[in-house]
Amino acid sequence: MKIISVVGYKKTGKTILVERIVKALKKYGSVGTVKHLHEHRINTPDTDTWKHMQAGADVVIGVTPDELVKFSHDNNLTTALNELADAGVDFGVVEGFKDSALPKIALGDVTAPNIILRLDKYENADINEIAKIVFEQPEYHTLGSLIKKMRRSGDIEKAGAIGTFTGIVRAISGKTRTEFLEFEEYAGVARQKTDRICSELKQKEGIIDVLIHHKAGIIPKGEDIVYIVVAAGHREQLFPVLREAIERLKVEVPIWKKEHTLEGEWWVDDTGKGN
């Protein structure tokens, strides 16, 4: 999923611009949106879904013939983006959340990090230019979104198994407690080498498809770092390739890891030793 955010002060036309972007991106794939509602309450008091929550339900889902609405606690932008990715959409358009690290189109003189295009007025937007900007953004994936992508593979009917690997940030290694990891990648080259690994592993007997996604930036302890999904005709063919994929990723792809611990911080090589 490729993501763009639209930010601006009230009455600047953010929603109108989001509508135009959604219509443009629909020509190329499925689109999901996220709207920052601040303190606005959707699950209003005295409704049946509100009563379910008051009774202690952690998640409540309301279903009609045309809609499905999910209510849950302790949500944030990442929760919302993961919902979109798990739904398998190709593009995510976010309205608001100006303090996030997402790439942004800014309307007016609003201040925010990672602004890649600023417009005086929404009427001045070149939607084709914005679409090109969206296409250039990095992919955002969850394990669920990669599995959905795998299931859309043209040869998936030949598969008898799908196997996955998820690497996470280990919080405790011996006596060392890690707070977060920081990953830097050689832009473009990392993706190229990862794609080559996938392509070469697909040539092995019985392998239908291989997908790999490695996150960059700061990842807190316990959070996901890398996903690998392999589809194969039989499980005996699947597991060796799953292992080979992660071993080759660690050796061949230019992604560097910096470990931030309570004792200090250092860069880590492929053997797990500090540099």
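Before you start, note that the model is predicted: local features need pLDDT of at least 70, side-chain atom pairs count only at pLDDT 80 or more, and totals for chains, interfaces and linings use all residues. Residues are numbered from 1 along each chain as its sequence is written, and side-chain values use heavy atoms, with hydrogens and water left out.

Side chains of opposite charge can pair when their charged atoms come close. A salt bridge here is a side-chain nitrogen of Lys or Arg within 4 Å of a carboxyl oxygen of Asp or Glu. The structure holds 14 of them.

**Stop one.** Select E139 and K2, whose closest N and O atoms are 3.9 Å apart in a salt bridge. This pair links distant parts of the chain, 137 residues apart: E139 sits in the loop between α4 (127-135) and α5 (143-151), and K2 in strand β1 (residues 2-8). Helices (H or I, at least four residues) and strands (E, at least two) are DSSP runs, numbered from the N terminus. Which partner is buried? K2 is, with a relative accessible area of 16%, while E139 is partly exposed at 38%. Buried means under 20% relative accessible area, exposed over 50%, and partly exposed in between (1.4 Å probe, protein chains only).

**Stop two.** Now select D209 and K202, which meet in a salt bridge at 3.7 Å, N to O. D209 is buried at 11%, and K202 is partly exposed at 35%.

**Stop three.** Finally, pick K204 and E244, a salt bridge with closest N and O atoms 3.5 Å apart.
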